[in-house]
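Dear colleague,

Here is the structure I said I would pass on. My notes on it follow below.

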Amino acid sequence: MKVSKKVAGVEYAIRDIVTAARQVEKQGQKITYLNIGDPVQYGFQPPDNVKEAMIRSIKSGNNYYASSEGLPELREAIAQKEKAKGLSVSADDILVTNGVSEALDMVMSSIVEEGDEVLLPGPYYPPYASYVRLHGGIPVEFAVDLKNSTPDIDDIKSKITPKTVAICLISPNNPTGAVFSENSLKKLVDIANEHDLYIICDEIYDQIVFDEKFTGIGKVSGDSPIILLNGFSKVHLMSGWRIGYIAFNQSDKLKPLRENLPKLARVRISTNLPVQYAALESLRGPQGYVNEFVSELKKRRDFVVKRLNSIPGLSCTNPRGAFYAFPKIENNRYKSDQEFVMELLRKTGVLTVHGSGFGTKYGSGHFRIVFLPDLNTLGFALDEIERFVSTAS
C-alpha cells in the first residue's frame, strides 16, 4: 500500500533511539536514560497549586471543548508574559496549542510550500526539519559559534535564496544550550527584514539561563513579522500535559497568516481545557520554584561540563541555558557519532543521542546528554562514558 514520500523524511532521533535501548534492556542491561529533555521524568514536578488547579477544573465540570484559539483568560496571561519580555502583543495575538510541536506544525503548514527553504540553526531540534520536510520544504542549516553563542551572520546571508521563506531561532537552544544575545537577535531581525522573511523564534527555555540575563526576540523585533513559539513543558514542568502557544507580534506583514493559521486550530477543535486552567495558574501563581529549579540545574551543568572536559577524547562548550550538554567526540575508532552512541549504549547502558540526529552538517561528531538527573546518576553515567571512551581510543 502507498505511503507518502513526505512522511519518510520525518525523524526524531531523541525518541527513535529508545527502540534500540529497549532491545538492550531485554538482554538484561540496565539503562541510564540521558536522552529525553523531560524534567518530570527526573523527579521535578509542577507545583501543588498548579496540580490542584487542574483537578479543580475537572471537578468543576470544565471538561468540554474549549475555544479553538484558547481560554480567553489564559491568552491574556500569556500576552502579559510576552509583553513583559518586549513583544508587541495582545490576547488576540495568542493561539493556544497542544504543545509547541503542534504550534510548529501549524506554522510550517501555513508558510511552507513545495521547494521552499527554511533556515535552521545548526544543530537544531529535530522536529523543525521534520515539519519542514513534511510540508514539502527544504531545511537549510546555518552555522552557530557554540563557544560564544553567536549565529554566523555571513553564513546566514550566503544561504538565503529566492526560495527562503523563514529563519528559525531556538534560544536557549536545544541541543547546545546556546543563548543568543540582544545584539545577535537584532542582526537576525535586520536580515529577515532585508529579505522579507518570517522569523520563527522558539523561547520555551526562556527562564532556564545560567550566566546572564535572557533577552527575548520581542525586545528587538519592532514591527517585524515575528512568530514566537513557547509553552509550559520546560520552565513550568508540565511536559505530559501538552500545552504551548503561538504569539504573533503586531506586524502588518503577519495579517494574512493571522487570518489563515487559526483555521488549523478550528480543524483540530481545541486544546485540553483543564490543562489550560492549570497553565493559567502556573503563570499567575507563585514563581519561586523556577529559581530553585534553575539553581539545581546549574549545579548539574557545572558538574557535567567539568567532567566531560576532563575526559581525554571529549570536549564540551559551556551551555548557557536549557538542560543539555553537547560534547564533541575528538578522537575515537567509530565511523560516526551514531555508531559511537549505539556502542556506548550496548556496552554501558548509558543512553544519549547522536549529534547527527540534530542535523548532519553541524551536529555530526557530537552527542547530546540531558543533565536533568541527580548528581549521583550523572556521576555514574559519566564514569561509564569515561571508561568507554578510554577503551575506544
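Contact, as used here, means heavy atoms within 4.5 Å. This is a predicted model, in which local features need pLDDT of at least 70, side-chain atom pairs count only at pLDDT 80 or more, and totals for chains, interfaces and linings use all residues. Residues are numbered from 1 along each chain as its sequence is written, and side-chain values use heavy atoms, with hydrogens and water left out.

Asp-202 first. Not counting residues up to four places away in sequence, Asp-202 touches Val-100, Tyr-128, Leu-169, Ile-170, Ser-171 and Leu-229. Asp-202 sits in strand β7 (residues 198–202); helices (H or I, at least four residues) and strands (E, at least two) are DSSP runs, numbered from the N terminus. Asp-202 is buried but has no salt bridge, and the nearest side chain of opposite charge, Lys-85, is 9.0 Å away. Buried means under 20% relative accessible area, exposed over 50% and partly exposed in between, with a 1.4 Å probe and protein chains only. A salt bridge is a side-chain nitrogen of Lys or Arg within 4 Å of a carboxyl oxygen of Asp or Glu; for charge, Lys and Arg count as positive and Asp and Glu as negative, while His and the chain ends are not counted. The side chain of Asp-202 does make a polar contact of 2.9 Å with that of Tyr-128 (a pair of N or O atoms within 3.5 Å; within protein, one must be able to donate a hydrogen and the other to accept it, and residues adjacent in sequence count only if both atoms are side-chain atoms).

Next, the core. The largest nonpolar core has 131 residues, and Leu-169 is among those with the most contacts inside it. Such a core is a set of buried Ala, Val, Leu, Ile, Met, Phe, Trp, Tyr and Cys residues joined through side-chain atoms within 4.5 Å. Helix α14 (residues 288–310) gives this core its largest share, eight residues.

Then helix α3 (residues 18–26). Its buried residues are Val-18, Ala-20, Ala-21 and Val-24. Because they cover an arc of only 150° around the axis, they are on the same side of α3; the arc is that of the directions from the helix axis to the C-beta atoms. Arg-22 and Lys-26, on the other side of α3, are exposed. Gly-28, with a positive phi near 100°, follows α3.

Last, Gly-231 lies in strand β8 (residues 226–231) and is buried, at a relative accessible area of 3%.

Regards
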